[in-house]
Amino acid sequence: MSPTTDLFEYADEEAPLIECDDPASPKPTPLPKVQISILLSLWTAEAILSFSITPYINELVRELPIVGGDVRKVGYYTGIIVSMHHLAEALSAFLWNRLSDYVGRKPVLLSCLAGSIISIISFGFSRSFGAIVVSRCLHGALKGDIGVVKSVMGELTDDSNVALGFSLLPMTWTVGRAIGPFIGGVLARPQDRWPHLFSNPFWATYPYFLPCLATAICATLSFIVVAMYLEETVNFAPPMKHQFERTSMNIVPEESRDSLGASPKDEQMPLPLRAVLTRAVAISVLNYATLALLEIVAESLIPLIWSTSVEFGGLNFSPASIGLCISVYGFMSGIFQFIFFPRLVGRFGPRWVLVASIAAYAVVYSMFPFENLALRYAVGDGSSMTLWLLIFLQLWSLAVSEMGFSAAFIFIRSAAPNQRSLGTTNGLAQTLGSVHRSFGPAAADWLFAFSLINNILDGKLIYVVLLALVCVAQSIAAQLPRHKWTHGGK
């Protein structure tokens with residue numbers, strides 16, 4: 001039966017994804033370390049580019065004339081910037097990923113990374129609200145490499161090592177997420193921190209150019225490595241049987257083709273979009289997009305609430321403090337992903353991991369009002385210790401929640417009708433996730449301001465709404481099989 005007409009059925013509920021404890025089970029296939037390392041260098045560079053502006057974006061917006069000195073408007077305009085960035089990503093992500101099915105993964109990866117480098121440099125020179133929006137939209141429109149990286153990882157792994165392979169993505173992403181805010185927090189406004197080194201008027205005119213330049217250099221180094229050493233994973237050869245039995249190239253394992261459920265002939269051609277939109281793909285993509293919404297809400301609220309004054313429900317943290325906290329979280333999350341995710345997936349299955357990750361967001365959201373209360377009623381050093389314990393619990397829960405994306409990637413990979421449609425499948429996920437990310441920050445920031453201004457539930461209406469959203473996400477995750485999708489019940 002052709003993969004385009006096969007029905008997706010649940011995998012055996014009792015069969016673990018990775019038979020680690022069974023001596024008779026085959027050992028996991030070794031990962032192609034060099035190729036994956038090159039891929040992860042690009043992934044890390046993209047994370048650095050994405051998160052380097054986090055510590056100072058609110059301060060930058062606060063200095064703009066459009067705010068008019070009203071700090072309550074900062075969250076509103078910051079939300080618009082973030083939303084426009086993800087809207088641009090939503091409009092272009094599917095096209096980039098679909099293109100990679102036809103021209104290959106490497107050309108798309110290099111094109112997008114080059115555009116991201118240009119966008120971050122332009123952001124450093126932006127001194128008006130319009131210029132900031134344009135530079136962030138440029139970055140969003142060229143973020144198609146996010147989905148393409150997942151396609152390459154899916155093609156470099158098979159069923160025996162997919163959990164380990166995909167655990168490396170969030171691990172290195174959080175490393176970049178740690179390095180990016182550290183660069184942004186430390187190097188922002190260098191004329192204030194090191195006036196003897198940055199006395200030139202240029203730095204006073206463009207106080208946020210230095211962190212943008214530093215992140216651009218990191219991305220440029222990755223661009224060079226990818227251009228020189230990354231091998232193409234899409235097989236454009238004619239569909240002859242003997243070409244799929246060769247193992248000498250050792251670029252895309254034969255097991256990875258089988259795990260995608262496509263015959264050698266079928267996997268040579270990308271499928272029409274209608275053939276890709278199966279029930280399994282739809283459910284997997286929806287779960288990924290819901291996770292993206294939960295994540296972007298948390299990511300937009302952390303710098304907003306932490307930088308807001310205590311009287312308005314925040315913690316009054318400086319950009320440097322925010323950057324340091326997020327950096328510590330990044331390293332903590334990276335280690336957690338690498339050590340625990342493969343083991344948890346092998347023991348409980350990816351659906352259990354996804355459900356636990358969604359539940360962790362409830363803890364993340366619940367900590368905000370308690371952190372503010374710890375400062376409002378601070379008495380001595382004990383309250384300070386309580387605050388940092390709450391922040392640690394919040395960031396630890398956020399690290400747990402990151403495992404959900406690795407689990408979602410496993411479902412998306414197994415849901416793809418064939419290998420040559422993996423880019424399209426990841427493109428659908430990135431597109432819908434970007435749609436959620438486009439309105440998530442603005443909605444969360446608006447709801448935060450609305451709760452405070454109208455004093456609904458003592459300004460805590462936003463947290464009730466977010467906990468309800470977590471419950472909705474759990475109901476969507478319940479539609480997934482325990483382990484992965486199978487084609488035709490195989």
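This is a predicted model: local features need pLDDT of at least 70, side-chain atom pairs count only at pLDDT 80 or more; totals for chains, interfaces and linings use all residues.
Which residues have the most contacts inside the largest nonpolar core? I began with this question. Residues are numbered from 1 along each chain as its sequence is written, and side-chain values use heavy atoms, without hydrogens and water.

Entry 1, the core. I found 128 residues in the largest nonpolar core, and Leu 301, Trp 306, Tyr 361 and Tyr 365 have the most contacts inside it. Such a core is a set of buried Ala, Val, Leu, Ile, Met, Phe, Trp, Tyr and Cys residues joined through side-chain atoms within 4.5 Å. Buried means under 20% relative accessible area, exposed over 50%, and partly exposed in between (1.4 Å probe, protein chains only).

I took helices as DSSP runs (H or I, at least four residues), numbered from the N terminus. H13 covers residues 279-307 and reaches 43 Å from first to last C-alpha, close to the 42 Å expected at 1.5 Å a residue; the expected span is 1.5 Å times one less than the number of residues. Of its 29 residues, 26 are buried, so H13 is largely enclosed by the rest of the structure. I noted a kink of about 25° at Leu 301, shortly before Pro 303. The bend is the angle between axes fitted to the seven residues ending at a residue and the seven starting there.

I located a kink of about 40° centred on Ser 92. Just after H3, Gly 104 takes a positive phi of about 105°.

Conventions:
Helices (H or I, at least four residues) and strands (E, at least two) are DSSP runs, numbered from the N terminus.
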